[in-house]
Structure formats: C-alpha cells, structure tokens
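Please walk through the fold of the chain shown below, going from its overall dimensions to the arrangement of one of its sheets.

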Amino acid sequence: MKVTTQQFREEARKALGDEILQRALAKAKPGFINKRKKAVDALPEFDALRADARAITEHALAHLDYYLERFEANVVANGGVVHWARTADEANQIILGICEAAGAHSVIKGKSMIAEEMALNESLEGAGLEVVETDLGEYIIQLAEEYPSHIIAPAAHKTREQITELFYKHHRQYGKTKRQTEPKALVDEARSVLRDKFLNADVGITGANFLVAESGANVLVTNEGNGDLTSTLPRVHIVTAAIDKVIPDLEDLSTLLRVLARSATGQEMSSYTTLYNGSRRPGDLDGPEEYHVVLLDNGRSALLGSEFHEMLRCIRCGACLNHCPVYGAIGGHAYGWVYPGPMGAVLTSLMLGTDEAPDLANACSLNGRCNEVCPLRIPLPRMLRDLRAIQFQQGGRGVRGKFALQVWAFFASRPNLYHASTSLMVKVWRRLAGKRGVSTFAPFAGGWTAHRDLPVPEGKTFTQRWKRERGRTQ
Amino acid sequence: MTEVDEVIDPNALRVGLFVTCIADLYRPNVGFAALYLLEEAGCRVDVPLGQTCCGQPAWNSGDQDSARVVAKTVIKSFEPYPYIVAPSGSCSGMIRIHYPKLFATDSKWRARAEAVAGRCYELTSFLTDVLGVDTVSARYEGSVTYHDSCSGLREMGVREQPRHLLKSVDGLELRELDERDACCGFGGAFSVKYPDISGRLVSDKCADIASTQADTVLGGDLGCLLNIAGRLRREGKHTRVFHVAEVLADMTDLPGVGEDDTS
C-alpha cells in the first residue's frame, strides 16, 4: 500500500469535505459507542476483568521469550511449523515460499491486520497468485482497491449505496446482474460468490487474535465464520501473527475474550471463536494438510521495556478508534497507513518513525477518552505526548512554534515582566476591538479564526484588578 | 452557602488561588468569582503574584524544558499553601497529574513538585469534595447546559460536583447535552495547529448545545468556553457562555464570554 502519512493534513481536510464518508462515519460511530456502553454497564465486574486482562498481557510480555518458545514447541508437537520473521519482508518471503512449495495458485484470506502491515496481498499478487479476501468488509475494500479504514470494521467508510455499485460492477462476471440494495441480499450475493473461492483455494491465510502457549492454539474471533472456512477448507493453512499475541493459557484466554468482544462490538462473545490446533490428524474428516504459523516481530521487540512498552498490550478491539473525536471526524484513511485512530497514531509513529508520520502524534486534543475506554488501559495520550517530546528534541518536521514556545516560557517564568506584558496586550486588544466581544483575526494564531471567532478579553487583567482592589500580597 | 464543617482547622483553610493564565488575561471575573466562592466557604484566600501559567502549552507540545521552567515558578509561588485551587480542570490537572511526571528524574525538584501536586484541586471539586459545600446563594434565570472539559472529567474526576452546586441556583434549569463525554475540540495548541479538525469538533459541540435549546452554556474550563463561544459567534448564535464559577458566585452581571459590550 502507498503510505500517505506525510499528507495527513491534506487528507484530513479532504475527509472532512467528503460528504459520503461523513455520512458513513456518522452512521457507524454512535452504534459502536452505545453498544459498548450497554455491554459494559451490564457487567459489574468489567473493570476487574480489565485489570486482570492487563496483568495477563503484562505477564506474557515480561516472559515473552518463554511463552513464544512454549507456543512453538506445542505447535510443532501438534504437527505444525513455526516460522520466525524479523521484518514484514521476511514474513512475505516465508509465505511465498510456502505457497510455492504447495504449488498454490489461489489464496483465500481471513481478516488480518498483520497481513495489512506486511502488505501481503501485494506480495502474493506480485508473484502471480490470485488472492481473495473473505471477511465481508475486507472483500468490499478489495473490490474497491482500498485498504481498511478501521481495524475491526475495514469498510466502515463505505455506504450501502457504494457497496451496491461495487457488487454490481464486479459480480456481473459471475452472472449476478441485479443491483442489490438490501443488506441481506448484498450479503447473500457475496456469500454465493465467495463459496466457490473457498472450495477452490489452495491456501488459506488467517490472522490470530491470540496465541495460546500452553496448547499451541491460534485463536480467531469473527462474526462471519469466514475464518473457519478459510482455515479448514484449503490444503494449506497459514497463520500470520505478531509476537505480542501470545498469552499463557486458556484461563487467560477466557478473560481476554470477555473484554475483547465487549470493547469491540458490545457483544458478550463474538459469533465465532475458534481455536485451531494444527493440521488434519489421521481420522479427521476435515482440516488442512499443512499448518504454518508465521510469527512477525517488525519492531515490536524493540518496544519491550521502552516507554512505549504498554502499546504491546493492545488487543486490537478498536474501542479507541470508536471513541476518538478525531477519528470520528476524519475516518481511518487520513492517517495514511495501516493503523488509524489513537492506537494507530502511536503505532505508526513508532513503526514508521515520526519523520515519516510527523502529524500523527500531534493531531490529538489529548481529551483522554481513548485511555478511558481502552480495555487494557494503555496510556495512549501519555504516549502521544511522549512522541511529541521526542519530535521536539529531534527538531523534526512535526515541530512547529518552537521559537514561540521559548519566547513564551521566557515571559511566563518572569512574573513581573509577564504581567506587565499581558496588561499592555489586553489594553491594545480592547482598544482595537471597541465594544465587540469577539475578533475575527487572531495574532500569532491564525488557525483559530478559520472556523471560529476569538473572544476579546473582558477588561483589565485579573492581576491588575487584584493589585488595585486588594493591594500587593506576599 | 453552608457553614464549613467545624472540625476543619481554620489555619488549614488557607488557599492559594491559581487564577490560570486564561482567566487572568481573558476573564478576570472568573478569578474573582472563584475568590468569592472560596471566601464564602470560609477559606482565607491569597493570590500569589508570582503565578503566570501552569506550563501546559509547552508540556503538551513536547517542550519539556520550557514546561519545567514555567512549572518551577508555580511551585515556588504555591509551596506555602496547604491548598491550591484553580477554576479549571485542565490547569489543576496539569499541576496535580503532570507536575510529578515533569520532574520525575529531577532529584531536587521532584519532592517539591509532588507536594504541590498533592494539594491542588479543581474549584468545584474542592468546594464539594473537600469543604462539603452543598448549596450556594445565587440566582440565574434561564436554562443552561453544561460542557464537561476533558481534563476536568478524566484527570480530576469532575462531573457531578458542578451540577450538585448548580442545583441550588435559583431560577436555573439544567438541560444535559446528548454527548456529555465529547471533546469540544479545543485541546490548546491543537485548535490552532489543526483548525479544520478542531473546527469540526466545536461545530458538532455547538449543534449539541443548540439541540438542548438552552439559552446558556456553562463549563469549568475557560479554554473550552473560548472555543465554544468563538464558534457560537461565528455561527451567529446568541447562546450565552459563562464559567460555572460566575454563575455559582452570582457574578453574571457582565457580558458573557464573546458577547459585545452593550453598556
């Protein structure tokens, strides 16, 4: 995919003016927020579960090497193969190698953000393989030649009318010549087209919500069941997962599943929660002949123990996106890479570097709602502020107004000088404003008046009045 | 105003009022309203003149050195006071939550920052949670809605306190916003650096305010209120904007934030 993080401002502006996108966002947002709230309110022990979930992930991260090796040993014992990839490129090469060895021509995929991070589709298609997404949202954006705008609802930016047109255009080749407008008819049509793809694919690739060390299971949560068909029908099943997905055991899994679905979609449990333990065993009626797990680092191990360590607790529920006012206003694509919203602003800044993504850490009002709803209580605002501090120290492109801040600090640390200056400023400002309560220009802060007026100070400063009315204290 | 609990030592009620730079510059009435409310509740209030700003603009811009320089002036000014109170969730949050982080690795200043931080309160929370004030004597004829500032809400736990006090204001009817948890888009420098996104958030906020049909919007943070008032005026709306302290202190006999001076 084309990384457009450098064009954040321009993309955000376009998104704000895109009426169709705005309609889709307005429709999606209250649903996510209300459903989560309802689910959380109905579970008095939700906060206790969150604390448990946090402890589980912290424990797993503190012993990541141990649990990853244990996971590998159990996958191998179950007849599977584990591949270790340091970079996205290495992971793509491993997967191409598996496909080539299997003589594969066609690949079906379940939803996987890691695969997006790797740009796996481009890699597979570049090698001449047919790739078909089977998650409905992913399928829609594949037809539209786009990428996900939300980590759990990849086509959240699409309206039903757009989907109707996409299906009409792309499904004619399968004899579907009617414009379907009802959700059920659209889903049925996609299902019927995808059914053949499922049955004829050589390789199925899925992501993983969790990896269970004690059993070697890969856990997949979906609401469509497409992950199960992708995993069991083709001859070869490949799982792509980041190393921070590993957890110790099934007890831990049940805790994490309980917070995940509630935080993500407001469900108590997702419709399908499946644990995959490997390839078909003798006597099994179905299942793949080969089972591979590709474990990707891609910079994550470097975060361990750093000030951004806590980002590795993320279970990709999307709650921070759903509650972020900025995401709600501009949608996911403006962020310019795979991960949008608060978690994306942090991850993208870390994975691509703040020079590549200068705006992401800054385009946030630090309102803190993401941190409030994050089931793992990841301190996203703190991390965004830390990223700003790193940018400021490095003096990169995201830093603006450095000189102004230093001038301000000079005055603000000299109270007498400061108060003399503000008194003068207010006097001049009041004179210019006359009796008007607002001005339509803002000295040194032109951005302010693009969409709003600037209130004019009331009169003399508090300090001036206080000195006059009460005399000097202290 | 109710009597202060007898068991509180009068000497312990010495309060250093942190006026905040925005109130000092834009809206002194908020500072005087806070002063009045605290004195009515039995506090002995000082306004140390060494205060300027809490340092938040630099802290949120990643300029930690400038933030520390400014924070030190605040710490020095307010160290003598058993209580530090600010009519702002954002500025009190900066002092209470962020000062200890700002000086986390500074062996000389860390303890001083923590001491000041632990004694810092948002005004309505101090009045209700610490002093146990239940009622005020004030009158405000009209329907009001309330904007919760994000830092007040999430850093200082301020939600019910201002509403509790507003209940005793004669003539006032509170109409809640649909999205009480939503940011108004101020975010300090965010509003200037990303005007389009910020503008969108504040226009959503103003739409929510309009749908309550309240004739006044109140809040506990002047940053948000300047933002909201600025947008309301740009939209040509006449919804009045006051800081909650001004209403609680019955000091609303002046143009609201962003209103023309008709005197």
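Among contacts in chain B between residues at least 6 apart in sequence, what percentage join residues at least 24 apart? In this model, which is predicted, the share of such contacts that link residues at least 24 apart is 76%.

The overall dimensions of chain B come next. Its C-alpha atoms fill a box of roughly 50 × 45 × 35 Å when the principal axes are used, and 63% of the 263 residues in chain B are buried. The secondary structure of chain B consists of 13 helices and 8 strands. The radius of gyration of chain B is 18 Å, and the globule rule gives 18 Å for 263 residues, so chain B is as compact as a globular protein of that length.

We can now turn to a sheet within this chain. In general, the strands of a sheet pair through backbone hydrogen bonds, and they do so either parallel or antiparallel. In chain B, 4 strands in the order E6-E5-E7-E8 form an open sheet whose pairing is parallel. Its edges are strand E6 (170-174) and strand E8 (240-243) of chain B, each of which pairs on one side only, while the twist from one strand to the next averages 35°.

One pairing can be followed down to individual residues: strand E5 (residues 139-147) of chain B is joined to E6(B) by 4 bridges, the two strands running parallel, and Arg139(B) has Asp170(B), in E6(B), as its bridge partner.

Methods. Residues numbered from 1 in each chain as written. Chains lettered and ligands numbered in written order. Predicted model: local features only at pLDDT ≥ 70, side-chain atom pairs only at ≥ 80, totals over all residues. Pairing = 2+ DSSP bridges. Axes fitted to C-alpha atoms, helices over the stretch in contact; angles between N-to-C directions. Rg over C-alpha atoms; globule rule 2.2 N^0.38 Å. Buried ≥ 20, exposed ≤ 12 C-beta atoms within 10 Å, placed from the backbone. Contact = placed C-beta atoms within 7 Å.
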